[in-house]
Amino acid sequence: MDFSPGPDEIAFRQEVRAFIQANLDPETHQTMVEGRVPSQAQLKAWQKTLSERGWAAAAWPKEYGGAGLSPSERVIFMDELHQAPAPEPLSFNTAMIGPVLIRFGTEAQKQRFLPATSSLDIWWCQGFSEPGAGSDLASLRTRAVRNGDHYIVNGSKIWQGMGHHATWMFLLARTDPGAKKQAGISFMMVDMKTPGITVRPIITIDGRHEVNEIFLDNVRIPLENLVAGENEGWNVTKFLLSSERTNIARIGMTKHLIRCIKRFGSAAAAKAAGIEAELKILEITQLRILEDMKGATAADPRSSILKLKGVELRQAASELLLQVAGAKAWRILPRLDATPSEIAAIAPNYFSLRAASIYGGASEVQKTIIANTLLGLKA
Amino acid sequence: MNLQWSEEQQLLRDMVRRFVAGEYGFEQRQKFIASAHGFSREIWAALAELGLMLLSFSEADGGMAGGGLEASIVAEAFGQGLVAEPYLASAVKASTALAAAPAGGMREQWIADLQSGEKIAAFVDAPELDFADGLTGEAICVAAADIADFLIVAASKAGAPVLLALGAGAVQRDGYKLHGGGTAADIRFEHNPALVLAEGAAAAEILLQVRAAGEAFLIAEALGAAQAGFELTVEYLKTRVQFGKPLGANQALQHRASEMFVELEQLRSAALYAAVMRDTDERELAVAAAKYVALKAMRFIGQQIVQLHGGIGVTQEYAAGHYFMRLTAIAAQLGTPEAASAAIAAKGGFTSPAPYWESAA
């Protein structure tokens, strides 16, 4: 047993780092270093660059424009992006709809959507949650009624991250209201230019416009945009949520925060020692789970540990960063996204990271998953 | 990178687990710790018979050249069975010190006596003790010093580290049993003659090795105890019925159990990390990090083992409370999370404040 990286892993890490150094636009890099949110143009340009190298959708098989990276290579790749720091490829595209189409899509859907999904020429948003359906996703009420060769869809969706930039949305809608909760749901895709779609911005406590609410008023979706069969949407959803799980610890992001904390001096650095220790040990946990997942087809339910601990440490680091930054971090600058000031982003980032234990399965939901699936404790 | 256990390591694990499960049931264990010396000579002889006293020694010294992983395999199994024999003191700490000491003098004879299990040694980590006109000073709560035949002592000579060995018979010792199992003695040295095993930098290096080996062993032992106590707790949540349903049907208790599970997996990683890194140059930072995580995990798991069991968890007659006590006793030997995090900070931690591309170049 040996935790030091082998020659292949060292070489791959160096290859990724050299590529990022050579190709990441300096302004985008500076934006990330200062903890600000990159612009739409910056994100598009960077993902295009990654896509041309085959790394935008690094986990996809090569035949669909991915790099076919192994789980441990993916961890190294994301770690380099997070520590650089550079933007992640848009997860709605590469970690959600892409893998779903590869697994469930028709040949025509793959041809039509996958290349533009990898390059971000199509910008996807996720139409899952509703005002009345959060953690209890299967209680969603958006209705899709078949009418000839279309579905007529009515309802509302919420929390679309970057939804105001999106050109397409994948969504869940109820196609059989008589069936049991999970059984009557379908997974479909819609062009955001379709008449009847309205996007309302939601400003979050960090002062930023990242998420949105989307209203669907008699929106016509062609039947060919259905993924998998009618009423089979819940299977697709379970697959989507589990394929999202290999990169949830986001250890590199927390390392970046620790680096920021340490720049405030040795007293600040000393306060970060405990978080550093837990992060180092979480890396070992991540390696162990990846090792056990080698060759496995289903996601390891222990991935919930990575989500829980990973988020806990990221939040703790962002909280400590705010604490060591002191009073200077509290001044609201008029245009956060345009202000080159690292300290101005610290408080908003702390506020914003509170959502990390809510999205992608709230921490309480993760604990219930662990109790049900790993410990056999059931209600 | 390689996360596979070797075939020999798996065989060792099977053997030690089988032995503990067969010979060290909870009832037997309670008899052993209630006996005059707080442990079983028969078990000790059987452990020697299994070859477990050879792990800390090189093949040149007639040993089996086990590393941190082999020691952690034994430790985890001992933790699961709440084994109270003085293995850590004698077969890990004192043996690691003797193994690292230069050849010559009585060293080879002592090694042979430890390997056969005929003698027991204790390790005294007390740099404040002065070796001038013999060894003088006090050391309190030294594990297994009451039953030891000889002592290996990390002391100071004219301000520099020195590693000594001396027979225990001539030393004034006040022995007692410990909460959580095991025994110890308060020692009073008064101009006791001792043999010098190593001096200066060599002695300092050996002390660091012994400390890392001891701490890695304790963390793995805590993993075993936490695992066993956790399994007992989950089983209890499934079978104990209150308010007309199993305790485990309550979400508050499900979540608590999940939190224990998360901490247990972190403790498992900490034990593995410490076991691998204790034999490397990075041992001080790595073991401090493992210790920090382990201390927090074992406190939480230990306390929750009792809490979720309710009243039965605070009785002597049931194992749950003993796992809690063992975990608490191990934590006391490892120190505090605050001390561990201070040690991490003193070493500069794992992440440099410099921008990533400069620091990782």
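## Basis of the description

The model is predicted, so local features need pLDDT of at least 70 and side-chain atom pairs count only at pLDDT 80 or more, while totals for chains, interfaces and linings use all residues. Residues are numbered from 1 along each chain as its sequence is written, and chains are lettered from A in the order in which they are written.

## Two packed helices in chain B

Helix H5 (residues 87–100) of chain B packs with helix H7 (residues 200–239) of chain B at an angle of about 155°, their axes being 9 Å apart. H5(B) is therefore roughly antiparallel to H7(B) (angles over 145 degrees count as such).

Residues are in contact if their C-beta atoms, placed from the backbone, lie within 7 Å. Among those of H5(B) that meet H7(B) are Leu88(B) and Val92(B); the H7(B) side includes Ile206(B) and Phe217(B). This contact comprises 8 nonpolar, 3 polar and 1 charged residues (Ala, Val, Leu, Ile, Met, Phe, Trp, Tyr, Cys and Pro count as nonpolar, Asp, Glu, Lys and Arg as charged, and the others, Gly among them, as polar).

## Contact between chains

Chain B contributes 40 residues and chain A 45 residues to the contact. On the side of chain B that touches chain A, H8(B) gives the most, with 15 residues. That side divides into 25 nonpolar, 12 polar and 3 charged residues.

## A loop residue

Ala170(B) lies in the loop between strand E4 (160–167) and strand E5 (172–177) of chain B. Ala170(B) is exposed because 10 other C-beta atoms lie within 10 Å (exposed means 12 or fewer).

Note on methods. Axes are lines fitted to C-alpha atoms, for helices over the stretch in contact, and angles run from 0 to 180 degrees between N-to-C directions. Helices (H or I, at least four residues) and strands (E, at least two) are DSSP runs, numbered from the N terminus. Angles under 35 degrees count as roughly parallel, over 145 as roughly antiparallel, 65 to 115 as roughly perpendicular and the rest as oblique. Two residues are in contact if their C-beta atoms, placed from the backbone, lie within 7 Å. A residue is buried if 20 or more other C-beta atoms lie within 10 Å of its own, exposed if 12 or fewer, and partly exposed in between; C-beta atoms are placed from the backbone.
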